[in-house]
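Here is a short tour of one structure, with a look at its charged pairs, a helix face and a ligand site. Have the coordinates open as you read along.

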Amino acid sequence: MFADLHLHTNFSDGTYTPEELIAQAARHGFAAIALTDHDTTEGCARAQAACRAAGIEFIIGSELTAEQDGNEVHILGYFLDATNPVLIAELTRFQSVRQERIREMAARLNRLNVPLEAEAVFRLANCRSPGRPHVARALVEGGFCDSLDEAFERFLKKGRPGWVPKAKMDALTAIALIHQAGGLAVMAHPGLNRTDQVIPELVESGLDGLECYHTKHPAPTAEHYLRMAMRFNLLVTGGSDCHGLSKGKPLIGTVKLPMERVERLQAAAAARRSGGPAVSL
Ligand code: AMP
Ligand code: ZN
Ligand code: FE
Ligand code: FE
């Protein structure tokens with residue numbers, strides 16, 4: 001009995017529809033999954049319905065891009081109340097920032113004599129949370145690049161001429177936002193960002209868990225974060241971060257979180273909901 005608590009669909013920069021993703025989860029025999037699209041929970045209703053039909057337990061989630069002391073950190077929110085007005089308002093604001101950033105990236109590319117239109121990216125993305133992977137796909141579709149890798153290498157990677165920095169919420173505010181929406185806040189793939197020094201500060205601010213298991217965490221990295229979770233008394237989560245097909249194969253199935261971990265998460269979420277007053281932002 002296993003779970004995958006980090007998955008994306010085409011409601012952000014994944015390629016699967018919620019139904020396609022859940023079909024993959026069922027094929028791998030997952031007992032529970034969470035959908036964690038960037039800055040949105042919009043795909044969750046459909047994913048939840050598909051999970052119900054497939055007998056898979058579903059957790060509403062989202063992955064927020066935040067920063068702490070100048071370091072980019074991704075914060076996963078789980079068990080969110082998707083109808084929470086403050087959460088909806090903030091996610092809507094993040095989505096506008098993403099859309100504005102796409103326009104700015106297109107403008108920069110245009111100045112480099114790459115006539116990519118922002119509208120072409122929006123058409124292709126067909127969602128409210130567009131990101132750089134959509135720009136990369138549009139560059140390939142438009143015949144400006146031969147591959148997604150080339151698009152990132154030439155234009156979109158940090159510091160490349162088409163890259164535009166993203167305005168980010170600070171991580172402490174992201175944690176408070178998740179808490180006031182009834183959720184648990186988990187630091188995503190800490191091994192990717194290599195920002196261990198921010199963890200004590202986030203714990204002080206109520207961080208609930210660490211994503212110890214992740215596709216890009218080799219075993220020693222996972223063990224390092226398991227020890228850290230023990231030290232700070234944090235919940236342990238894990239997920240594949242599957243965005244659909246990646247180099248011909250989906251990542252779903254590469255990380256299998258034991259269900260005991262999910263049960264502890266559920267208990268913590270229930271305790272939070274029945275506990276003290278909501279924290280205001
Ligand atoms: P954004 O949130 O718009 O900055 O886009 C970040 C997403 O782009 C990440 O979730 C990755 O999936 C993807 N990404 C970032 N860097 C690369 C890269 N060098 N090659 C391919 N995909 C990348
Ligand atoms: Zn993504
Ligand atoms: Fe991430
Ligand atoms: Fe992710």
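## Reading exposure

A residue counts as buried under 20% relative accessible area, as exposed over 50%, and as partly exposed in between. Arg-46, with a relative accessible area of 37%, is therefore partly exposed. Please keep in mind that this is a predicted model.

## Salt bridges

The whole structure holds 11 salt bridges. In one of them the side chain of Arg-46 meets that of Glu-19, at 2.7 Å from N to O. Arg-46 belongs to helix 2 and Glu-19 to helix 1, so this pair ties together parts that are 27 residues apart in sequence. Glu-19 is partly exposed too, at 35% relative accessibility.

Glu-42 and Arg-128 form another salt bridge, their closest N and O atoms being 2.0 Å apart. Glu-42 sits in the loop between strand 2 and helix 2, and Arg-128 in the loop between helix 4 and helix 5, so the pair links parts 86 residues apart in sequence.

## One face of helix 1

Which residues of helix 1 are buried? They are Pro-18, Leu-21, Ile-22, Gln-24 and Ala-25.

## The ligand site

The residues around ligand 1 include Asp-13, His-38, Phe-152 and His-243. An oxygen atom of ligand 1 is 3.0 Å from a side-chain N or O atom of Arg-101, and one is 2.8 Å from a polar backbone atom of Arg-132. For the side chain of Lys-166, the distance from a ligand 1 oxygen to an N or O atom is 2.8 Å. The protein covers 67% of the 500 Å² of accessible area that ligand 1 has on its own.

Conventions: Residues are numbered from 1 along each chain as its sequence is written. Chains are lettered from A and ligands numbered from 1 in the order in which they are written. This is a predicted model: local features need pLDDT of at least 70, side-chain atom pairs count only at pLDDT 80 or more; totals for chains, interfaces and linings use all residues. Side-chain values use heavy atoms; hydrogens and water are left out. Buried means under 20% relative accessible area, exposed over 50%, partly exposed in between (1.4 Å probe, protein chains only). Helices (H or I, at least four residues) and strands (E, at least two) are DSSP runs, numbered from the N terminus. A residue is near a molecule or strand if one of its heavy atoms lies within 4 Å of it. A polar contact is a pair of N or O atoms within 3.5 Å; within protein, one must be able to donate a hydrogen and the other to accept it, and residues adjacent in sequence count only if both atoms are side-chain atoms. Accessible areas come from the Shrake-Rupley method with a 1.4 Å probe; for residues, only the protein chains shown count as cover. A salt bridge is a side-chain nitrogen of Lys or Arg within 4 Å of a carboxyl oxygen of Asp or Glu.
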